[in-house]
Amino acid sequence: MKGRINNKLGEIQINSDVIALYAGMTAVECFGIVGMAAVSMKDGLVKLLKRESLTHGINVEVEDNHITLDFHVIVAYGVSICTVADNLMDSVKYKVEEFTGMEVDKINVYVEGVRVID
């Protein structure tokens with residue numbers, strides 16, 4: 001799905017992959033987030049994604065210029081998961097709304113694992 005914004009000069013279309021990449025880059029900058037996670041449905045294994053494939057850990061739905069984001073993340077060991085998730089939601093909501101001009105209605109955070117940071 002694409003987000004569509006109409007103005008007096010024409011129409012702007014934003015692909016959901018662009019939104020996912022921007023949201024992913026914003027998310028990994030948040031304190032306590034080690035990275036995005038890919039979950040194998042077949043094995044139930046969780047894999048830490050590299051920076052080039054951030055969009056695989058994020059699902060984006062755009063409906064009537066309202067965005068819903070699902071994050072599958074791995075958090076750092078020893079941090080408050082609730083605090084990290086709240087920080088992620090606040091940062092991503094603000095930056096994605098500023099970037100796209102569309103409203104973010106819902107952000108779901110799925111913590112798929114915990115890692116010790118070296």
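**A predicted fold seen through its helices, core and pairs**

Asn65 is partly exposed, with a relative accessible area of 28% (partly exposed lies between buried, under 20%, and exposed, over 50%, using a 1.4 Å probe and protein chains only). The model is a predicted one, in which local features need pLDDT of at least 70 and side-chain atom pairs count only at pLDDT 80 or more, while totals for chains, interfaces and linings use all residues. Residues are numbered from 1 along each chain as its sequence is written, and side-chain values use heavy atoms, with hydrogens and water left out.

Asn65 sits in the loop that joins strand S5 (58-63) to strand S6 (66-76); helices (H or I, at least four residues) and strands (E, at least two) are DSSP runs numbered from the N terminus. Leaving aside residues up to four places away in sequence, Asn65 touches Gly3, Arg4, Ile5, Met102 and Glu103, where a contact means heavy atoms within 4.5 Å. Glu103 lies 38 residues from Asn65 along the chain, and the C-alpha atoms of the two are separated by 6.8 Å.

In soluble globular proteins, nonpolar side chains tend to be buried together. Here the largest nonpolar core has 25 residues; such a core is a set of buried Ala, Val, Leu, Ile, Met, Phe, Trp, Tyr and Cys residues joined through side-chain atoms within 4.5 Å. The members that touch the most other members are Ile19, Met36, Val60, Ile67, Leu69, Phe71 and Val92. At least two residues of this core come from each of H1, S3, S5, S6, H2 and strand S7 (103-115). With residues up to four places away in sequence not counted, the contacts of Phe71 include Ala23, Ala27, Met36, Leu88, Val92, Ile107 and Val109.

Ala23 and Ala27 are among the buried residues of H1, which also include Ser16, Ile19, Ala20, Gly24, Thr26 and Val28. The 13 residues of H1 should span 18 Å at 1.5 Å a residue, and its end C-alpha atoms are 18 Å apart, which agrees; the expected span is 1.5 Å times one less than the number of residues. At the start of H1, a side-chain oxygen of Asn15 comes to within 3.0 Å of the backbone nitrogen of Asp17.

What links H1 to H2 through aromatic rings? The structure holds one aromatic pair, and it joins Tyr22 in helix H1 to Phe99 in helix H2, 77 residues apart. The ring centres of Tyr22 and Phe99 are 4.0 Å apart and the planes meet at 10°, so the pair is stacked (rings of Phe, Tyr and Trp, the last by its six-membered ring, pair if their centres lie within 6.5 Å; planes under 30 degrees apart are stacked, over 60 edge-to-face, the rest tilted). Tyr22 is partly exposed at 22% relative accessibility, and Phe99 is partly exposed at 41%.

The whole structure has two salt bridges, each a side-chain nitrogen of Lys or Arg within 4 Å of a carboxyl oxygen of Asp or Glu. One joins Lys95 to Glu29, with the closest N and O atoms 3.7 Å apart. This pair links distant parts of the chain, 66 residues apart: Lys95 is in helix H2 (residues 81-100), and Glu29 is in the loop between helix H1 (16-28) and strand S3 (33-39). Lys95 is partly exposed at 30%, whereas Glu29 is exposed at 56%. Glu97 forms a salt bridge with Lys93, the closest N and O atoms being 2.8 Å apart. Glu97 and Lys93 are four residues apart in helix H2, so about one helical turn separates them.

Terms used:
A polar contact is a pair of N or O atoms within 3.5 Å; within protein, one must be able to donate a hydrogen and the other to accept it, and residues adjacent in sequence count only if both atoms are side-chain atoms.
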